[in-house]
Amino acid sequence: MTGSNAARRPDTASRGVVRVVHGMPTSDGAGVKLRRVIGQPELSELDPFLMLDEFGTDSPDDYIAGFPEHPHRGFETVTYMLDGRMRHRDNHGHEGVLVPGSVQWMTAGRGIVHSEMPEQQQGRMRGFQLWLNLPARDKMSEPKYQEFGPDRIPVATPGAGVSVKVIAGAVGAVKGPIRQPATDPTYLDVALDARAQYVHALPQQHAAFMYVYEGSVRVVQGDKESVVKSGELAVLGEGTEVRLVGESDDTSRMILVAGRPLREPVARYGPFVMNTREQLVQAVEDFQKGRF
């Protein structure tokens, strides 16, 4: 094969953009306004990811009512705060405040009833909540938390103009504090200066997406390029790495998330995610009878 033909080979190692999804404005809790990106008609789920919400507003009217007591069973919730303060309480006696840059990785397991309420009356409230499924063997496990303040989230600088907060997974020798063997997740907050380049390795079999929340980012796959803009989620195709370039004149920021698919049946009813309808019926009954 000649060199010119070789240059036109498709890049099978790099992940390209196979789909771009726009968030859907909605509200949850007691009327908190947010943008639902995964868990809406355009993208109902991306195994093992069940939901991704972005919340971000300067208006207290959009968030002040918060998320009063509500149950969960059978999955995990990951709250990553960018701005603002949120107080968490549950019926097992756990309580804490999420501050800017902090992460709460809650494994609901067999059941928990909790509330998430703003710890502020004014100012900006911004962040993400991601839902990850649990395998059948772990759905009835005891609830637990992995909580880390901003000082516990390591930052990697793998290249010029590149900064990565490592929540889960690894960037070179820098490892995130979150551990979850079932889905082996990657969760990175990536900042790219204008024209800065970053290549991140990902396991071939993992589902992956990126959500740009400031600026725009170019995804390069051989001679194919896709620009993902602020407010857009890109589902990434197969491959062992993702190649990113800062496309905005200012710093662009995005979350890059990946995880091992569970490939199990999903039975879902509001805050309960199980494998069968019968398990959902049991979850509702257990909640109503105060067994969480």
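Trainee: How many cavities of 30 Å³ or more are there?
Mentor: The count is one cavity of 30 Å³ or more. On a 1 Å grid over the protein atoms alone, a cavity is a set of points where a 1.4 Å probe fits but cannot get out, while a pocket is an open set with protein on both sides within 12 Å along at least five of seven lines. Grid points are joined across faces, edges and corners, and a volume is the space filled by probe spheres set on the points. Mind that this is a predicted model, where local features need pLDDT of at least 70 and side-chain atom pairs count only at pLDDT 80 or more, but totals for chains, interfaces and linings use all residues. Residues are numbered from 1 along each chain as its sequence is written, and side-chain values use heavy atoms, leaving out hydrogens and water.

Trainee: What is the volume of the largest cavity, then?
Mentor: The largest cavity holds about 60 Å³.

Trainee: Which residues line the largest cavity?
Mentor: V32, K33, F55, T57, D62, Y63, G66, F67, M86, P118 and M125; lining residues have an atom within 4 Å of a point. β3 and β4 are the elements that give two or more residues to this lining. Strands here are DSSP runs (E, at least two residues), numbered from the N terminus.

Trainee: And by class, how does the lining of the largest cavity divide?
Mentor: Into seven nonpolar, two polar and two charged residues. Ala, Val, Leu, Ile, Met, Phe, Trp, Tyr, Cys and Pro count as nonpolar, Asp, Glu, Lys and Arg as charged, and the others, Gly among them, as polar.

Trainee: On to pockets. What volume does the largest pocket have?
Mentor: About 360 Å³. The lining of the largest pocket has 22 residues, with D28, F67, H70, Q129 and W131 nearest its centre.

Trainee: Which element gives the largest share of that lining?
Mentor: β5, with six residues. The elements giving two or more residues are β3, β4 (49–57), β5 (67–72) and β11. Nine of the lining residues are nonpolar, seven polar and six charged.

Trainee: What about the second largest pocket, how much space is in there?
Mentor: About 160 Å³. The residues lining the second largest pocket include A168, K175, R179 and D184, and by class the lining has five nonpolar, two polar and three charged residues.

Trainee: Switching to G123. Where does G123 lie?
Mentor: G123 is in the loop between β10 (112–118) and β11 (125–133).

Trainee: Why does G123 count as partly exposed?
Mentor: Because its relative accessibility is 34%; buried means under 20% relative accessible area, exposed over 50%, partly exposed in between (1.4 Å probe, protein chains only).

Trainee: Which residues does G123 contact, leaving aside neighbours within four places in sequence?
Mentor: T57, D58 and Y63, taking contact as heavy atoms within 4.5 Å. G123 and T57 are 66 residues apart along the chain, and their C-alpha atoms are separated by 8.4 Å.

Trainee: Sheets now. What is the strand order in the sheet of seven strands?
Mentor: The open sheet runs β1-β22-β19-β24-β17-β14-β13, with antiparallel pairing. Its edge strands, β1 (17–22) and β13 (155–159), each pair on one side only. Two strands pair if DSSP finds at least two bridges between them.

Trainee: How many bridges join β19 to β24?
Mentor: Seven, between residues 207–214 and 252–259. V212 has M254 in β24 as its bridge partner.

Trainee: And what do β2 and β3 form?
Mentor: A hairpin with three residues between the strands, where G29 in the turn has a positive phi of about 60°. Strands β2 (24–28) and β3 (32–38) pair antiparallel over five bridges, and P25 stands opposite R35 in β3.

How values were computed. Helices (H or I, at least four residues) and strands (E, at least two) are DSSP runs, numbered from the N terminus.
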